[in-house]
Each structure stands twice: as structure tokens, then as C-alpha cells.
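Here are some quick notes to read alongside the model. They start with the fold as a whole and end at the chain contact.

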Amino acid sequence: MGRLSWRLGEVVGSIAETPSVRSLVLAVPGWERHLAGQHVDVRLTAEDGYQAQRSYSIASAPEEPTLMLTIERLPDGEVSPYLVDELQAGDRLELRGPIGGYFTWQVDQGGPLLLVAGGSGVVPLMAMIRHRTAARATVPTRLLFSSRTLEDVIYRDELERLAGRDRSLEVFHTLTRRQPEGWTGFRRRIDQALLQEVAWPSTPNPLAFICGPTRMVENVATALAAIGYEPARIKTERFGPTGGSS
Amino acid sequence: MNARFISRGFKGRRTTAADPSRIPPGQHVVPDFPVLSAGPTPHTPLEQWDLIVEGQVASPQRWTWEEFYNLPREDITVDIHCVTKWSKLDTRWEGVSIDTLLEPADPSGSFLIAHCDGGYTTNLPLEDATGGKAWIAYRYNDEPLEPEHGGPARLLVPHLYFWKSAKWVRRLEIVDADEPGFWETAGYHNRGNPWQEERYWGD
């Protein structure tokens, strides 16, 4: 297989998803079809030649003509503030990909599918949901999505719309920090009891994808294994620090 | 490609005090220790844990946890580089050199396949695993290695991207013919030398 070469995409649109998260819509000439769940490497170059690289999950379905990246501005970030606040339509962005052959899902892999997201961990899972919709698949799918507040829920309207017209897609929200008045969803961090309420039972052998901060992913993966999910069918992707010095 | 491309308005934050000669291309230094695993963290009780060396060897070996823990240990301070772009400098470990483990086995093959709890595998040419370049580590920062970082014991091969430092290692298989492991069959480079930026297939 040939080297994944760097190429230039052009920003053709952007969407403010939440106060700290923006989606960039890119036209990338010659883009090869990706798999839902894959990521790209992004490279920024300053005038003096200094470069910084990061990886970002792809948010768009493989079926879409443009590529969407959804980026959260990290308070201490070097690349994410540029992508969220600086980049404008007409700007170009250097990237290569698609990358990753494990945390991916195609409709023929079937389900039932359990997707568990924390914050911007929803991005690769959204690519799976969009792929599922684009392929008109009816694989029974549940998304359990943990956000801090209602304003922090990424893709909220689209998820509501998709679940509203597709009975085989269910979306459950939990808001861990603050809930609006009259909130009927969950209001705590995802724990085993919550999973037992929301997740598919362990038969018939569901397929789980978990993406979010390390602590959340660690807890959810352990809880699903305890419920009886087959460890080889619990796929995880994590970001962020461990919260300790090690 | 286009070596002259400039990201409009990007200045970068070059505040790192790290010696640039220690940072491979495309990497940046982080203060914390991110966790990356493909699945749930296995929790094998120490009384059930063992370590096996087998395959193309004159004398297969097996150590219980207690036997392994009493093998000659080394203090290791190394920089580590993850393919997801972070590097961490001067990490401190304690472990057993792969040389110490292979010596009584007397391997005749040319490659090492590490097998781990949870089904993860990774492959190394024997010359990348021997000669004081690789260990099985069981302490980090003067503490027992935490399960999410690969405890009770993980491979430590700091001169290659960190996915080669397989967590939860249990068995070292010596083989004649190379066999790509878990990430190596999922798009990642077969050798993974960060200084050559060997991240993905074809790099």
C-alpha cells in the first residue's frame, strides 16, 4: 500500500456546534472513501516553517461528498484553538488519511450496536450513525451520550431529528453538571446501573463502541464486561489525561 | 507535497522547554500520561499471572509472578513517543530486560511476537527487542504499574512508537517469519521508528 500523502483540503463551511466545539466542512480533492470511525492527521505550518500535527476523528459519513471534522477547543491547546477560532471558509488545511482500521463500523458488521460517548468522543460515533442513515440500514442502535450541560451537547438537533424518524435508533442523554428545568434525561455520570438500564442486554452479542475521556471509557468498558459483553466486541477509543501523574 | 504551504494565521506555541533534538518529527511533549487501549482493561490476578517464552527456542521458559519479580531488575529512564503525536520525556520504569528473559531460552528465530491478555499482539524483529533496548516493566514512577497503563507488566520498547510497548504482556513467542500484530494489521507501520516517522502503512 502506498504512503498516505499530505494533501490540501479547503474549508467550505463551518458549524458552531457548542460554545467550544466547531465542525469544519472540507472539500478534499481526490479523497478516498473512509470508514466510519477513522481519523485524519492534520498538520499546521507557521511562516517560519514550524509545524504541529494532531489527529482528529472524521464526523461525516463515507457517503458524503465533503469531509467533516468536529473539533473541541482545548483550554491549553496549540492546534485546536486555531481550528475552532481562526480557520475560515476559503482557508486550506493540510491533512492525511484516512487512518485506523480497528475503531470502525460498517453496516454489514451489524449489531445490535451500542455507542457510548463522552463529550467530543461522540465524533467518530456520529460518523457511524450518519453512515448507518446514509446506507438506510436498520441495525438496532442505541447511543448513550454524556455531556456536561445541555449547551454542550454536540449534534443535538440532528440526533433528535434522526431518532425521531427512525425507530431502530435510540438516543439517551445524560447531563452530568447542570440540567435545565424539567429535564427528563439522566443526570449523572455513566455507571453500571445506568448501563443496565440503557444498554442492550448481553445477548444477542451486541457490538459496543466507546469514545470519550479516559476515565469514562475505562469505567464503561469495565461495566459492560461485567454485564456480560464479550470483551472482543467492546471497542474503545480514549483521549485526554488520566487525571493523575501517571 | 507542497512544502511551501503556510497555514494562514498559525503561529504555534513554542514554549516547550524540551530539547528539540529529543522530539521526533510531528511529535509534541505532554506532561500527563494519556491512556490508549483498544478494549477493556484486563485484570488478571497476580496468582494466576505467568510469563512464557516459547516458539523457536532451545528451552521454553515460564515464570510465575513471584519468580518474575525476583529476576534481576533494571531502572530505566527513557523518552516515549506515541503514534497519536504525544511524547513524554524522562519516564521512569523498573523492569526486566528482554535479554535476561531470552538468555535461558536460547532463541533461534528472528522475530518476537508479544501476546497479551485481551488478545493484543505486536511484532518486533529480535534485534529491536534485544541488546538492552527492551524490557518487561512492572513499576512506573516508583509505583506498581496501574492496570490501565498495562499493569501488572507491559513491554517497554522506547525506541519505537509506544504501541509496540504492549500492555498486559503474558507470552513472548519467537518465530522465524515476521507476523504483523494487532495495530500492524490495522493500518499502522510494521516497525514504527518515530525518528523515521514510520506511523502508518507505506510511511
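1. A word on "buried" before anything else: a residue counts as buried if 20 or more other C-beta atoms lie within 10 Å of its own. On that basis, 47% of the 246 residues of chain A are buried. Keep in mind that this is a predicted model.

2. On overall shape, chain A has a radius of gyration of 18 Å, which agrees with the value near 18 Å for a compact globule of 246 residues. The C-alpha trace of chain A spans about 55 × 40 × 40 Å along its principal axes.

3. Chain A is built from 5 helices and 11 strands. If you take the contacts in chain A with a separation of 6 or more, 71% of them join residues 24 or more positions apart.

4. Now for a spot I'd like you to look at: Pro213(A), which sits in strand β10 (residues 207-213) of chain A. Is Pro213(A) buried or exposed? Pro213(A) is buried, because it has 20 other C-beta atoms within 10 Å, and the cut-off for buried is 20 or more. Ser57(A) is 156 residues away from Pro213(A) in sequence, while the C-alpha to C-alpha distance between the two is 14 Å.

5. Next comes helix α5(A), with 14 residues. From first C-alpha to last, α5(A) reaches 20 Å, close to the 20 Å expected at 1.5 Å a residue. Just after α5(A), Gly228(A) adopts a positive phi of about 120°.

6. Which residues of α5(A) are buried? They are Thr214(A), Met216(A), Val217(A), Glu218(A), Val220(A), Ala221(A), Ala223(A) and Leu224(A). Note the Glu218(A) in that list. As for their partners, the buried residues of α5(A) pack against β7 (113-118), β8 (141-147), α4 (192-198), β10 and β11 of chain A.

7. Last, the contact between the chains: 42 residues of chain A touch 40 residues of chain B. On the chain A side, the elements giving two or more residues are β1 (7-18), β3 (39-45), β4 (51-57), α1 (80-86), β6 (92-99), α5 (214-227) and β11 (234-239). Which element gives the largest share of that side? That is α5(A), with 5 residues. By type, the chain A residues that touch chain B divide into 17 nonpolar, 14 polar and 11 charged.

Conventions
Residues are numbered from 1 along each chain as its sequence is written. Chains are lettered from A and ligands numbered from 1 in the order in which they are written. This is a predicted model: local features need pLDDT of at least 70, side-chain atom pairs count only at pLDDT 80 or more; totals for chains, interfaces and linings use all residues. Two residues are in contact if their C-beta atoms, placed from the backbone, lie within 7 Å. Helices (H or I, at least four residues) and strands (E, at least two) are DSSP runs, numbered from the N terminus. Ala, Val, Leu, Ile, Met, Phe, Trp, Tyr, Cys and Pro count as nonpolar, Asp, Glu, Lys and Arg as charged, and the others, Gly among them, as polar. The radius of gyration is taken over C-alpha atoms; the globule rule is 2.2 Å times the number of residues to the power 0.38. A residue is buried if 20 or more other C-beta atoms lie within 10 Å of its own, exposed if 12 or fewer, and partly exposed in between; C-beta atoms are placed from the backbone. The expected span of a helix is 1.5 Å times one less than its number of residues.
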